[in-house]
Amino acid sequence: MKPNSGTLVINIMNGGKAEAYEGVYQCTARNERGAAISNNIVIRPSRSPLWTKEKLEPNQVREGDSLVLHCRPPVGLPPPIIFWMDNAFQRLPQSERVSQGLNGDLYFSNVQPEDTREDYICYARFNHTQTIQQKQPISVKVFSTKPVTERQPILLTPTGSTSTKVELRGNVLLLECIAAGLPTPVIRWIKEGGELPVNRTFFENFKKTLKIIDVSEADSGNYKCIARNMLGSVHHVISVTVKAAPYWITAPRNLVLSPGEDGTLICRANGNPKPNISWFANGVPIAIAPEDPSRKVDGDTIIFSHVQERSSAVYQCNASNEYGYLLANAFVNVLAEPPRVLTPANKLYQVIADSPALLDCAYFGSPKPEIEWFKGVKGSILRGNEYVFHDNGTLEIPVAQKDSTGTYTCVARNELGKVQNEVRLEVKDPTMIIKQPEYKVIQRYGQVSFECIIKHDSTLLPTVIWLKDNDELPDDERFLVGKDNLTIVNVTDKDDGTYTCIVNTTLDSVSASAVLTVVAAPPTPAIIYARPNPPFDLELTGQLERSVELSWIPGDENNSPIKNFVIEYEDGLHEPGVWHYQTEVPGTQTTVQLKLSPYVNYSFRVIAVNEIGRSQPSEPSEQYLTKSANPDENPSNVQGIGSEPDNLVITWESLKGFQSNGPGLQYKVSWRQKDVDDEWTSVIVANVSKYIVSGTPTFVPYEIKVQALNDLGYAPEPSEVIGHSGEDLPMVAPGNVQVHVINSTLAKVHWDPVPLKTVRGHLQGYKVYYWKVQSLSRRSRRHVEKKILTFRGNKTFGMLPGLEPYSSYKLNVRVVNGKGEGPASPDKVFKTPEGVPSSPSFLKITNPTLDSLTLEWGSPTHPNGVLTSYILKFQPINNTHELGPLVEIRIPANESSLILKNLNYSTRYKFYFNAQTSVGSGSQITEEAVTIMDEAMASRQIDIATQGWFIGLMCAVALLILILLIVCFIRRNKGGKYPVKEKEDAHADPEIQPMKEDDGTFGEYSDAEDHKPLKKGSRTPSDRTVKKEDSDDSLVDYGEGVNGQFNEDGSFIGQYSGKKEKEPAEGNESSEAPSPVNAMNSFV
């Protein structure tokens, strides 16, 4: 154990075995006042045992079957990390089909031929000992049987239909489900009777593992994993119980009591199961500890009454259950101590007037002393609302004034004595800026000054800081900071901004800001700026074979300094009249040494440039013809690409005229087959840019070089490039084409790459041709429309999207090179599974009676599978558009009509209708209809309608309406246009049109309703569209109408069938004839 410390050091570096120190350790600290103990500390040596030798038989598995490769690692401490690799120490790829379980085993949902290998190796890594143990390699051989049988899912782990799982509160919950099946099943997780916790739920191992972090008791429940493929599904329910090791609610705290006082120690903890509370005194169970009549144990509480000094002890509370324990020490100190003040005597406090002042009086004593404050030597005790007395002894003066300055005395007393301490308070005048900086507008290059005059307490030393735009002033000698001001000389545009004066003291801080705006100086007499005049008097001196010196005299600058001179040249031998850029020099230079090329007849000219622009070119210099020489360079961009299977086309970019360096420019073209010990074949051609080599093998690499030469000799040896002779169509088709149907609209196709030698060209990729053969639900063939997908590069798989459910397809694969496509692979047939159907093609409701309606419908345009049934739901609608209870009926798939009986008379019903396959329900269509009225009520309405008084009343009403219409017509013709009409014409309201395009009539101002035709009985919305309800499917998706349907004779029935929204009760359509009573109700 370290000296003067409680630390125990165990060192086995110099010998000894770790196993000798294995055990449980606990530290006890003891003095005359009691004993405290630590938590138990468990020491266990790490272990990394070797794998038990076992004889592993090769696994022979039929293609499509499931397989589990067991790892069974040796038990180590801590447990090892498991991973699978091959002999090359490469991790084995994992997917939805092949994955590693939590126990380390490798699971195959279904094996494929590519799973055949002899080096499946399980490794166990023991991190603590930094060792890795290896299991003997496992051999797997997959043999194929045709056809491969598809299988519905079964669970590989866990087994059975239910299992249980216990996890501790705060830990990570891991639940696992791995299933076998072909196609590979997809895993989904749900919690029965609840939702998976948001932000704490994660899915791992391709959704085979459900991970919930920081679990609590609320996460207990039944978790269901569902494994599904196109053939069926299987599920497993895991009942999760969250237990909890003890955790604190109230931990015991140290207690200081004086003799005769009472007190309590509280130890409250929770857990699952409920923890047991046990008490210890000085490390000894309280039941066998020395008796103390002042204490009483009451479960999780110790009650102290009239304690004495001998009652001092260290008490331990232990809360434990089967999952762990908590241990806390609490020192009960029974102490008789006169008061002591811990705040230093005569401590000085300084505050600014009108701010709070806090005067400390830290104290200690037992029993707890009482604190009183006095001001002055003979002052009275402080009381009243102007003071706040804190429990820790501090005196607060919320608003200190100048007269609050003085000496304050703190007195602490208990039954054992009293003590006092004095502190001093000084209240200072606040710092103020009595003349603040003001907004300034200054001309560019002028001088500006901001004032900042302050007033402060004479005992405080202020410091003044200036900021620009809340940052330090620029490090510029133009900024001059004085005692009371900031001066800026030679102001520029960048000085524009906000300037702040900040005054700090040890007790307070104040600031003030002002904005500086910089404007342009007043205009001066205009100066004319122009482009410079062209240079003149050009002279060539020092003529050499590859250089010459050019000099000139600059023209007038025209009030803008010349920045640079541009020198251009003309080649009178090869490109007369065309000027090229040569170089440029600074505006202060009038001589330049120019580099020249051989066999060029040079002329030079100079252009001057200033801020305004470029001058006119100077007059050309005298001509200078350089001597001929060998070419300095060879053609660039040399390529070799065949245009036919038996040739090689060599191309290059020819040299420019002056690059030839002399007369008689030609090219030496050389080639030889790469990787074959052949000599170079060469030919000299005229000044062209292409040469064709015939009789070459198909698509073989060639080494190519092109060298320039003229009458004086050859250019330097050129570099070689690699080209290829012409391509031909690929020879073979991709093999082993396999199709994996992922869902009803998506499939994945695999193929083996073709040998590169058979490509006979640059491999550009693969094309997949696929087409629908027939729909499995209709068994009718249709026009074959082939689709093509291209996959670039040497890919061996691709996705086929946009397939139609429940259909039979064919596909083939072809390799593509620069010449074209190779032969197609044998056609591969695959089928897509069922999907949900589209909505029924129509729903008609006919033959209404008092208590029945007849429903007729058409099968879905796209069944997407085998229809299993139809679902009809309906509910009544009352006069306030409220919906009644919903009734559901399942109808066999072979039915096309239904008579609904036992309905209420004169009642509107809303119907929802959709079709189902084994996958699920399709989108629905809705319709509404009304049963007819009771015959007795109808007869009473007819009787009223035949009464003379009723007929007379209706005639009078009609006459009154006619008179009102005539008066309105006369007033409108006499009144002309209203002013508001002109305004509305200007706004072009689409609802108000002065001229009707359909009939050509011209009118004045009128209400928009005057031009709206009244559609009797129509319930179509005003925007002439039919709104969607419960489904996103549209007839547009299936090539049919949008707003309605048509009868066999072409008449429109969109207002009586198809999808509709809920409609007003007044819009109910009845099969009976309208009566006068109904007409009166409508008018009123």
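This is a predicted model: local features need pLDDT of at least 70, side-chain atom pairs count only at pLDDT 80 or more; totals for chains, interfaces and linings use all residues.

Mentor: Y315 has A330 as its bridge partner in β30.

A second open sheet has three strands, in the order β33-β37-β36, with antiparallel pairing. Here the edges are β33 (357-359) and β36 (388-389), and because each has a single partner strand, one side of each lacks a neighbour in the sheet. Strand β37 (residues 395-397) runs antiparallel to β33, with three bridges between them. Within this pairing, L359 stands opposite L395 of β37.

Y499 stands opposite A514 in β49. Four residues lie between β48 and β49, which form a hairpin.

The chain as a whole contains five helices and 79 strands. It has 1084 residues, of which 38% count as buried. Among contacts in the chain with a separation of 6 or more, 64% are between residues 24 or more positions apart. The accessible surface of the chain is about 61,600 Å², and 52% of this belongs to carbon and sulfur atoms.

One of the helices, α3, spans residues 948-975 and includes I963. This residue, I963, counts as partly exposed because its relative accessibility is 45%. Together with L959, L962, I966, V967, F969 and I970, I963 makes a nonpolar surface patch of about 650 Å².

S547, by contrast, is in strand β51 (residues 547-553). With a relative accessibility of 15%, S547 counts as buried. Apart from neighbours within four places in sequence, S547 is in contact with G542, Q593, L594, L596 and Y624.

The loop between β71 (807-817) and β72 (828-831) holds D827. This residue, D827, is partly exposed, at 42% relative accessibility. Not counting residues up to four places away in sequence, D827 touches W771, K810, L811 and N812. The side chains of D827 and N812 are joined by a polar contact of 3.1 Å. D827 and K810 are 17 residues apart in sequence, and their C-alpha atoms are 6.0 Å apart in space.

Charged side chains deserve a separate word. Side chains of opposite charge can pair when their charged atoms come close. The structure holds 31 salt bridges. In one of them, E821 and K767 meet at 3.0 Å, N to O. This pair links distant parts of the chain, 54 residues apart: E821 is in the loop between β71 and β72, and K767 is in strand β67 (residues 763-775). E821 is partly exposed at 23% relative accessibility, and K767 is partly exposed with a relative accessible area of 21%.

Another salt bridge brings together the side chains of K435 and E451, at 3.6 Å from N to O. Since K435 lies in strand β40 (residues 432-435) and E451 in strand β42 (residues 448-451), the pair ties together parts that are 16 residues apart in sequence. K435 is partly exposed, with a relative accessible area of 31%, and E451 is partly exposed at 35% relative accessibility.

D119 and R117 form a further salt bridge, in which the closest N and O atoms are 2.8 Å apart. Here D119 is buried, with a relative accessible area of 13%, whereas R117 counts as partly exposed at 26% relative accessibility. Finally, R62, D65 and R151 are linked in a network of salt bridges.

Methods. Residues are numbered from 1 along each chain as its sequence is written. Side-chain values use heavy atoms; hydrogens and water are left out. Two strands pair if DSSP finds at least two bridges between them. Helices (H or I, at least four residues) and strands (E, at least two) are DSSP runs, numbered from the N terminus. Patches are made of residues with over 30% relative accessible area and no salt bridge: like charges are joined within 9 Å, nonpolar side chains (Val, Leu, Ile, Met, Phe, Trp, Tyr) within 5 Å. Accessible areas come from the Shrake-Rupley method with a 1.4 Å probe; for residues, only the protein chains shown count as cover. A salt bridge is a side-chain nitrogen of Lys or Arg within 4 Å of a carboxyl oxygen of Asp or Glu. Buried means under 20% relative accessible area, exposed over 50%, partly exposed in between (1.4 Å probe, protein chains only). Contact means heavy atoms within 4.5 Å. A polar contact is a pair of N or O atoms within 3.5 Å; within protein, one must be able to donate a hydrogen and the other to accept it, and residues adjacent in sequence count only if both atoms are side-chain atoms.
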